[in-house]
Amino acid sequence: MKAKEVKIINQDLEDEMEVWGYQPCLWKTILVGVGAVCSGGLLLLLLYWLPEWGVKSTCTPTSLRDAKTLLLRTTDEFKQWFRAKVHVMLAPGRKPFDDLDLLSKTQIPNGDGDHIPSHSNSERHGNFPHRQPAQIQYFVHHSTKYYWNDAMQKFEVYKGLEDVKVTCASIHSEHNSGLSKALQDYRRLFFGENEIAVIVPSLFKLLVKEVLNPFYVFQLFSVILWSTDSYYYYASAIVFMSIISIVTSLYTIKKQYVMLRDMVAAHSVVRVSVCRGNEDSEQAMSTELVPGDVIIIPANGMIMPCDAILFNGTCIVNESMLTGESVPVTKTSLPSSGKEAVRTYDIEEHKKHTLFCGTHVIQTRFYSGELVKALVVRTGFSTEKGQLVRSILYPKPTDFKLYRDAYLFLLCLVGVAGVGFLYTIVLSIINKVPANTIVIESLDIITITVPPALPAAMTAGIVFAQRRLKRIGIFCISPQRINMCGQLNVVCFDKTGTLTEDGLDLWGIQRVEDGSFHPPESEAAKEGLVKSMFVACMATCHSLTKIEGELSGDPLDLKMFSATGWVLEEPTEEETALHNPIMPTVVRPPKNFTHEANQNNPLTQNMHESSAPQSCEIGIVRQFPFSSELQRMSVVVRRLGEKHMEAFLKGAPEVVTSLCKQHTVPQNFTETLESYTRQGFRVIALAHRQLESKLSWHKVQNLSRDVLETNMEFLGLIIMQNKIKEETAGVLCELRHANIRTLMVTGDNMLTAISVARDCGMVLPHEKVIIADALPPKDFHPASITWHYTEAPTHSVKDNQTVEINLEDIMYDDQVSQPEQSYHFAVSGKAFAVITEHFPQLVQKLVLKATVFARMSPEQKTQLVEVLQGIDYIVGMCGDGANDCGALKRAHSGISLSELEASVASPFTSSTSNISCVPNLIREGRAALITSFCVFKFMALCSIIQYLSVTLLYSILSNLGDFQFLFIDIAIILITVFTMSLNPAWKELVLRRPPSSLISGPLLFSVLTQILTCLAFQVLAFLLVKEQSWYEIWTPQSDACNVSSPSPSVNETIPHDHKNIKNYENTTLFYVSCFQYLAVAIIFSKGKPFRQPSYKNWSFMLYCLVMYFFLFFIMLYPIPAIDSFLELVCVPHDWRVTVVVIVIVNALVSFLFETTIDRWGRPFLTWLFCRRNKPPRVRYRHLALELQEDTDWPPKPSTVTYTSTPTSLSLT
């Protein structure tokens, strides 16, 4: 094996890392120790900041198997380095799921002893005298343990029961009885205690970590330097401010840790009933659970302490903690037979049967002699909740160009400081300055150039933006993403509940009988329909439940059930015990309604046999909940008095008809469906099947969904009206005018989605929509894409707010030039999957102009966001937080519309249930981004202004005074920075976006011109003061203000100013530079088009006016006490007036330059550097230019693109 090998852990996962092995090296360690002593500990600091250097400087490379220390590096764009120590654990087996016969006969001592290896085997394994313990290497990183796999020669994570690839059938047959105590103890060695332990660091640890931040280390260096140069007051002020900053930071961090710990620990430790064998059960603490344990879910519910598979019974669960969706969901038992049973259990695929850690089981459906049981699959940090907590504890750094450029800009300032450093040394040597003074003053120039308050200043805009967002009901758990919102150029919207109303109104029903449609009917709760199969399906095929006497569940199910007028009754515990074998949930029509229907409607007696059962009271025996992947749900029911059971199915019309007998589906089904979906209606199809009489309740519980949902009889359509929210069209119009793309990503029908897209203005009336209908390869035919063109007609029914879409009714106009054609692609989830797999070269072309994505699964929504990010879009996602969790987290800015104050599903949560929050968030993001730019430019320029002043004063062996530094940094710069960050966002979104980079031509040009302007006026004042008739080398006896005043007595003791602070040059430069700070603050504090004008920021304007008044007053009417405090000398009044003229002209020139650059800077630089025809940097613009020149794009109507051919072939 190679000595320096690299392996990949967590391959293809979000936290994928490279890992190298190292062993400690004695001579390297000694060398580093000597270096640390010689450098006064600075070398240790450097190795602390750079873990890869720390490992490489003290260790030698070795194989992973022999390593004692590991070096880890993430494979993402951040390339973060970590170091980890390898530990050794003794255990009777090498893997948690090893089949150890000994474990059934012996006991393992409780506790893992912190997994510290013991030299005495009897100490750890005294109960295993016949088994030689195995030594297992492991390391811990971000609360996850990685164990060495000798066979694979790499470290791996044991997540849980999924690691052994169990099938659904084997869970029922092999894992349904639980674990013995010995086997549980053995597995706990690997999986540890079942707890999500949020360890709150001690204040001392937090303090050390905070103080070792490079920012504070630099401040400490600066304070020591200033103290040695007798700048005690300024140093004390900086220390005081740093202490306040550190204390505030420690308080905030500690509070966040405590809040997270309390949130996690609230219900994490509970008592549970654990099965030990088929019949036995015992009470145990939830911390003792391991994957493979079987727990009993109590009837009154519980907070789940782990991720578990429900394999017996049904549960009603509130998953709002994970999804932000407060609607309870029904969890059913894992299938034990049929096609589903042979499939390998997957936590994502089978989440309808999985109870997640931290979710609240509200109630269970239990039957006589049957217990509701669940099999533990994951524990601790491996659970969904655990991974969520890990993501909060160890967040990824925010990748935003602004912050990367800020570090580059700081390096530039360090370069400028280096020039000043050398200048100071050379000048001091020429003037024969003492060596200690040279060292202090040359280092002092570095502390002046690099502003120590920059990090705090740049976060001010974000903090204020976060407060403003909270006031309008938008809550943020990731403040750094606020700046990214200012750069959004595409926003994806979910449809139902986001663009359209949450609730659906029943527009009507259209029943089918004998393979033909009846005319549409507006009501389902009619007397003549009480005993029809159609109404029975509406009344039973749902996942509604009663919680505290109120019906609760999916809004669509609620609306559909209420339209029938039926009543739902759930059994009590006493009723369940009286019935054998079953007391199911029962639905029935009101008693008087049933009686009237039987007496007054003889037509029901003549209906088809299957449509006229004798009883209207129906019991729901089993539910198969709605699956967004399958796009359907079904139930098994039994009518009162009937021996046979029946199945009802509802779902997407295309899916339901594919499961029905073809002779029961009307021939005009497609035309009828399109007539509704074109008008924007949401259509749900119903189907029915009578089951064999031999099927018992127990057999039904084990019946596969695939077996049940076939050979159905088509019952008809439910037509639901999904109204667009009032705010939707206006918001989308505002985004379009701001040149922000909007996409619809929905699970609904394609034509319904296109209709809604037209109605809300996402697709304009004159624009074409091209449906990309892709088919996978089949029977030696390659995968293909058929391109269907749709177009809105000239007439639309405005009264009903619907738009007709004529499919394939238009003629393609070859005479229209390609760039002038306005078109949108529409893609279904099925087509998206085919195109992604078989046409990868078309994916980016398609998403560049695709606007409607229909029938998309949650995973596909996430995949779409990644594709958009892959072509350099800054992507926003707005959804309801339920099926959109993955996409909300993956997007640069995810906005969840949730009633919860802070949903963990996304960085942003809006308490308002419409998309008006999106432009608000983008406006605040733009304002925060511009504020960050303004503050950075201001802080950088302040440093340069001060650097220029000090450099000029060094030429006469002078400097600024202690209180002068204090006044400039605290009274002017610091307070100005925080007040200039208070500008609110501009009231509307404009077409252009703020720049994303500090290293851009116009910005650098702006800073450079201001630097040159300030330099010119400082040099002018510095030279001009020396030309005055009253000028002389200042001495304590000098008095330029009053030459006739008596000279001080020779016996009077005048303190000697060894630092030469008091002189005419110092006083002049102090006044000029103070006005320069204020001038650039006002000039850089930009208003429109991203922020409100500065004059509306009262605190900033008031403070600037106060400072201007104060400075003008003390300059024109000097006050001896203030002059003495600031170490200023008296100068003639004429010179003071001259300085006033200089600062006014300086301000005007600075303002003129900035205004000119704002208006003409970019065009001028483009012309100057011949960049007009340079290709765009971002991929989506580059791709758009390519497609403009492609005469075969978009594909023509009625053409098919095959994988085997590069061009499209016309259909015959």
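Student: Is Glu 348 buried, partly exposed or exposed?

Tutor: This is a predicted model, in which local features need pLDDT of at least 70 and side-chain atom pairs count only at pLDDT 80 or more, while totals for chains, interfaces and linings use all residues. Residues are numbered from 1 along each chain as its sequence is written, and side-chain values use heavy atoms, with hydrogens and water left out. Buried means under 20% relative accessible area and exposed over 50%, with partly exposed in between, for a 1.4 Å probe and protein chains only. Because the relative accessibility of Glu 348 is 37%, this residue counts as partly exposed.

Student: Which residues form the negative surface patch?

Tutor: Patches are made of residues with over 30% relative accessible area and no salt bridge, like charges being joined within 9 Å and nonpolar side chains (Val, Leu, Ile, Met, Phe, Trp, Tyr) within 5 Å. Lys and Arg count as positive and Asp and Glu as negative, whereas His and the chain ends are not counted, and the place of a charge is taken as NZ of Lys, CZ of Arg, CG of Asp or CD of Glu. Glu 348 sits in the loop between α11 (339–342) and β17 (354–355), where helices (H or I, at least four residues) and strands (E, at least two) are DSSP runs numbered from the N terminus. The negative patch is formed by Asp 346, Glu 348, Glu 629 and Glu 859.

Student: Which helix gives the most to the nonpolar patch?

Tutor: The nonpolar surface patch is formed by Leu 46, Tyr 48, Trp 49 and Trp 53, with about 400 Å² of accessible area together; accessible areas come from the Shrake-Rupley method with a 1.4 Å probe, and for residues only the protein chains shown count as cover. Trp 53 lies in helix α3 (residues 51–58) and is partly exposed, with a relative accessible area of 45%. With 3 residues, the element that gives the most to the patch is helix α2 (residues 42–49).

Student: How many residues apart in sequence are the parts tied together by Asp 150 and Arg 65?

Tutor: A salt bridge is a side-chain nitrogen of Lys or Arg within 4 Å of a carboxyl oxygen of Asp or Glu, and a search of the whole structure finds 27 of them. One of these joins the side chains of Asp 150 and Arg 65, at 2.2 Å from N to O. Asp 150 lies in the loop between β8 (144–149) and β9 (154–157) and Arg 65 in the loop between β3 (59–62) and β4 (69–74), so the parts that the pair ties together are apart in sequence by 85 residues.

Student: Is Glu 709 buried or exposed?

Tutor: The side chains of Glu 709 and Arg 632 meet in a salt bridge of 2.5 Å, N to O. This pair links distant parts of the chain, 77 residues apart, with Arg 632 in strand β29 (residues 632–639) and Glu 709 in the loop between α25 (705–708) and β32 (713–721). Arg 632 is buried at a relative accessible area of 10%; because the relative accessibility of Glu 709 is 3%, this residue counts as buried.
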